[in-house]
Amino acid sequence: MTSANSATPGAEASDAVEIRAALLRLRRATGLQMAFGGLLQEPLRMRIAELNGAVTGALRGLAIRSGSGLGGKAIALSRPCAVTDYREARHISHEYDVPVAAEGLRSVLAVPVVVRRRVRGVLYGALRQPLALGDRTLDAAVAAARDVEQNLVVRDEVERLVAAERAPEPEGRARVREEAREIHAELRALAPRVADAGLREQLLSLCDRLTATAGPGSAVGDAGIALAPRELDVLACVATGSTNAAAAERLGLRPETVKAYLRSAMRRLGTHNRREAVVAARRAGLLP
């Protein structure tokens, strides 16, 4: 999610997974009776999307405005906030008393999810008794929020790279770039078939000149990401638009083998699909 008010369906699904996992970890680490939260879908306004330990649906979908209630205060101040007894608390506003009371919540904490100094969401934890929440509970809630923050940073970076990859460039430069990528893929496909070790090294050295990797035949990128030679061969073909079947024919492999190498490369690169893998490999200096 590159902005607080522009989430794609895929990003929204990823949001739900991230928040759901964080709430589960929070309850397991603390013994809190309920955890809930969500990410901002527009500036200074979030919707509670995920509930863990709820006995009613009163809080689901509740829109939280900056400055309103405990979560709104956490958004406005960009720091954790807590109350020992929600309905009696004097330092928060009480717009959400009805759904909070319906769920029977008394002791509540709210921790903002902050990425690059901007609040992106809130995680809540709660008890149904008016008991003070100690430092251990607060620390666990902050740790859960930090996990979400780190995952959002990674996703933001992948989306930025994909957007940059899709951005138009001058026609002549684009043509040269595509030709270099095609030549690179052809050289990677040809090298394993060359029996002469010296000639094979020369071909791989040419690949390195196209990708600016470190050392002849190296499959270690600038970011320290290592790919096996066949993983890089497959990714080079995919980068030119080849399907698995076309890559298999080009490399003399079976389509199932190509698919296995591609999955392995995506895992090493920390990506989830072919396009993300190509973008990450280019950024790491493994592909031209």
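1. Let's start with Ser68, which sits in the loop between β4 (63-65) and α2 (69-77); helices here are DSSP runs of H or I of at least four residues, strands are runs of E of at least two, and both are numbered from the N terminus. Please keep in mind that this is a predicted model, where local features need pLDDT of at least 70, side-chain atom pairs count only at pLDDT 80 or more, and totals for chains, interfaces and linings use all residues. Residues are numbered from 1 along each chain as its sequence is written, and side-chain values use heavy atoms, leaving out hydrogens and water.

2. Ser68 has a relative accessible area of 7%, so it is buried (under 20% relative accessible area, 1.4 Å probe, protein chains only). Leaving aside residues up to four places away in sequence, Ser68 touches Lys73, Ser93, Glu95 and Tyr96 (contact means heavy atoms within 4.5 Å).

3. Next, have a look at Arg106, in the loop between α3 (97-103) and β6 (107-115). Arg106 counts as buried because its relative accessibility is 16%. Beyond residues up to four places away in sequence, its contacts include Val83, Asp85, Tyr86, Leu127 and Pro130.

4. Which residue's side chain does Arg106 join through a polar contact of 2.7 Å? The partner is Asp85.

Terms used: Buried means under 20% relative accessible area, exposed over 50%, partly exposed in between (1.4 Å probe, protein chains only). A polar contact is a pair of N or O atoms within 3.5 Å; within protein, one must be able to donate a hydrogen and the other to accept it, and residues adjacent in sequence count only if both atoms are side-chain atoms.
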